Amino acid sequence: MNTITKVSRRDFLKLTGVAGTGLVLGFHLPPKPDGWAAVEPLTNSWLRIGPDGGVTFWVHRPDMGQGARTALPMILADELDIEWPQFERVFLPAVDPQVYGSQTAGGSTSIRTSWVPLRTAGATARAMLTAAAAEIWGVDAGSCKASLGTVVHESSGRSLSYGELAEKAATLPVPDEPPFKEPKDFHIVGKPTQRLDHPARVQGTLTFGMDVKVSGMLHACVARCPVFGGSVSGYDEAAARAVDGVRGVVEVPTGVAVLADSTWAAIKGRQALNCKFDYGESADLSSAKIAELFDEKQQEEGYATREDGDADSALAGAAQVLDAVYEVPYAAHAPLEPMNCTAHAMEDRCEIWAPTQAPQWAHGAVAQTFGYAPQDVTLNIEFSGGGFGRRLIPDFVVEAVHVSKAAAAPVKVVWTREDTMHHGYYRPASRHILRGGLDASGKLVAWKHRVVAHSIGATLQGSDLAGAAREATSGARDLPYAVPNCHVDFCMANTTVPVGYFRSVYNTQTPFANETFIDELATAAGVDPVAFRMRMLEDHPRHRGVLGLAAEKARWGQPLPEGHHQGIALHYSFGSWAAEVAEVSVGDDGSVRVHKVICAVDCGIVVNPDDLAAQAEGAIVIGLTAALKAEITIDEGRVVQGNYNDYPLLRIDEMPEIEVHYVKSDVNPSGIGEPPLPPIAPAVANAIFAATGVRVRRMPIRAEDIRGT
Amino acid sequence: MARFTLKVNGETHRNVNVDPETPLLWVLRDTLGLTGTKFGCGAGLCGACTVHMDGEPAPSCAIPVSSAEDSEITTIEGLSQNGGHPVQQAWLAEQALQCGYCQPGQIMGAAALLAKNPDPSDADIDEAMSPYLCRCGTYQRIRRAIHRAAREV
């Protein structure tokens, strides 16, 4: 999106209105790629103001619960200066990045990369409406003011509504540098705002991907080999066809699909297939073997991603040297809505209804796999019942198109919970080997962090070692603390387990190591953990800001209820800063109870404070679930866990109180979906140390690790 | 296949022709088109598919249609006209949802709790609501929404 903000605004926005449609502002980002000339003028638009004053806004990012479909209109409505909410919103088919830039809901980007383009669109429309009024009245535009859907000529008291001005505005040139509003004049941004689509959610009328219904649609379930890299070698087609409601059995690259009149018939039909499998080369893979692979790989030379000073020499001369090893397992996203996708593959074109976080990735994968021209693939972005990174990967979309093609009919492919658990793209397993040195005064003089991990980039995107190392050491190589000798490196340890992007990606694990190890060093130095961090953050005001705010709001160091103990952690990721204080008690049996979490974030200007709190609460709960419960283990080449009985989630009776505070700021907004996740696991681990004197160094945190038996 | 008569949201559906083992969930969703009731786990482990059977919360994914014939079934679509139930209103007031996929089940669970216990304590809420999983982290808002609905009933 940076490339968009660099082009002049005149190039960026153009009029795409035709007579009678009012003012329509869309993109003009030359050159258009081949094959895209036929894009409908209204599908590459930000906004339309109709002659009736009705405003339509195209939301270009998927919504899987994070609130983009409210926050993005808030930004535009504020800059355009209309009452809230005055939009008729429209869903958008996936189109080329040349039109909207990235449409991916991932990397905590929806607001931070849309802020300038949306304000540009709003300010441009407002300036053109103002100019239209000035021309009608024959006055200077500077004497007219646009406010809340009306342009007023202040000295004469005349006024015209945006609707009355839309047709005229559409005939005027697009201004090059329309002024933005001052943040102090925001009337929507910064106000806690109810989500526009929540009324439909509480009535059960919102259509999720799972609820899509297309005329003539069959239901399908796919039998896949449970072992990664294996395949289906035999099945009883007749038995499946004998199930009431089963209409057919087709082979697809991922397995064998049963087509049926209903989901239940598809599930039963698949059971009746009684598949035999060729388990392939990974049939003996297990968690124990993966640990052995890590033991081996960690001995290899690491690929350095940070090299300040000479850490080894500094350690040799240090007064105290500490060592620690941290372990993080594979984890599943486990969104409440199981994976699903509806597709209708035709000879010359294809239509898809997908609850995806990455519509362009899915769109491109389908076009490429099946040889469709890009403009012949229509992808309807459906609401998702949670994503957390799982729905970035287009596997489920491509598979559904295969099934539809083989069935020669529109098909909804439904994954069961077990399918979703067994065929994920998991948060990678990792091991973190840390060594730190303090001088005689307790000052940190050396730091080493070796990340041994399964690489997402290398296995999913074809990254080279340098790229894989940069990705896997994110959160590790950008250690903010002032330490003159710092070495961070990476040893790659890949297996056949598919890995992908879990909310906050490698920042779920690198800060668990960094921020608990910093606490160990603070203890060794005999310094309070907040003070120890603060004195190494002189050049990092925004780190200091959130650390100080969290400590203040949590009354750090003040008396707590009996048996309660606090731990703190701090982390920067996805453009934003977050610090958290966890208040914890530990039972004699080693059981951990997290009572309260105080979270402080700095993500620049806050668009929707209520949604910021919700996103922080959500990130903390996922992080806490990962810290206390989540573990995918591998046995006989397959995932052991299948449903919520053996892959438990945090429940309401385990839920801490969460307070979210934010730093007041006039800086452009940055991400919030992921940044509050990373600090929670180390904050809890540090609180457990405060309570028990025991350092827990593996996730999930286990009672036996605390009890020591 | 066999024919069943189901009473759903005050309406009687005769001659529902399905496999007797079909979970009520799939009859509601695929046969009757009531997709507000959600498929989450298929094993009675997450609560997303909760409906009321004679006023009691029940996991529709774990109840065969053959066992549902004699009950008055209420789904999220039948809980109120236009979302006017105090629990739904409280959910909006507290913004007790993010993706919302689990929330029809949460709301049906909370409505059943309040019907029996108009002023539940936090411990009552923990006990009644702990079967309902949410991955987005809305639990404390759900707690506040139940207390709010209790005040307004």
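Modeller: Helix 13 of chain A, residues 395-407, has 13 residues, and at 1.5 Å a residue they should span 18 Å. The end C-alpha atoms of helix 13 are 18 Å apart, so the two values agree. Keep in mind that this is a predicted model.

Is helix 13 of chain A enclosed by the rest of the structure, or left open? Largely enclosed, because 10 of its 13 residues are buried. A run of buried residues goes from F396(A) through V397(A), V398(A), E399(A), A400(A), V401(A), H402(A) and V403(A) to S404(A), and A407(A) is buried as well. Just after the helix comes A408(A), with a positive phi of about 55°.

Most residues other than glycine have a negative phi, and most peptide bonds are trans. A334(A) is not a glycine, yet its phi is positive, near 50°. You will find A334(A) in the loop between strand 15 (320-328) and strand 16 of chain A. It counts as buried because 27 other C-beta atoms lie within 10 Å. Q95(B) sits in the loop between helix 2 and helix 3 of chain B, and it is buried, with 21 other C-beta atoms within 10 Å. For a peptide bond to look at, go to M699(A) and P700(A): the bond from one to the other is cis, with omega near -10°. P700(A) belongs to the loop between helix 21 (680-692) and helix 22 (703-707) of chain A.

Seven strands of chain A form an open sheet in the order 11-12-9-19-16-17-18, with mixed pairing. Strand 11 (246-252) and strand 18 (377-381) of chain A each have a single partner strand, so they stand at the edges and one side of each is left without a neighbour in the sheet. From one strand to the next, the twist averages 25°. Within chain A, V250(A) stands opposite A257(A) of strand 12. Helix 12 (residues 359-370) of chain A lies across strand 16 (340-345), strand 17 (350-354) and strand 18 of chain A, and runs at about 150° to strand 18.

Now for the partner chain. Chain B has five helices and five strands, arranged along the sequence as β-β-α-β-β-β-α-α-α-α. Its radius of gyration is 15 Å, close to the 15 Å that the globule rule gives for 153 residues, so chain B is as compact as a globular protein of that length. Buried residues make up 58% of chain B.

Where the chains meet, the contact takes 43 residues from chain B and 46 residues from chain A. On the side of chain B that touches chain A, the elements giving two or more residues are helix 1 (24-31), helix 2 (86-93), helix 3 (103-116), helix 4 (122-129) and helix 5 (139-152) of chain B. Helix 5 of chain B supplies the largest share, four residues. By residue type, that side of chain B divides into 23 nonpolar, 14 polar and six charged.

Notes: Residues are numbered from 1 along each chain as its sequence is written. Chains are lettered from A and ligands numbered from 1 in the order in which they are written. This is a predicted model: local features need pLDDT of at least 70, side-chain atom pairs count only at pLDDT 80 or more; totals for chains, interfaces and linings use all residues. Two residues are in contact if their C-beta atoms, placed from the backbone, lie within 7 Å. Ala, Val, Leu, Ile, Met, Phe, Trp, Tyr, Cys and Pro count as nonpolar, Asp, Glu, Lys and Arg as charged, and the others, Gly among them, as polar. Two strands pair if DSSP finds at least two bridges between them. Axes are lines fitted to C-alpha atoms, for helices over the stretch in contact, and angles run from 0 to 180 degrees between N-to-C directions. A residue is buried if 20 or more other C-beta atoms lie within 10 Å of its own, exposed if 12 or fewer, and partly exposed in between; C-beta atoms are placed from the backbone. The expected span of a helix is 1.5 Å times one less than its number of residues. The radius of gyration is taken over C-alpha atoms; the globule rule is 2.2 Å times the number of residues to the power 0.38.
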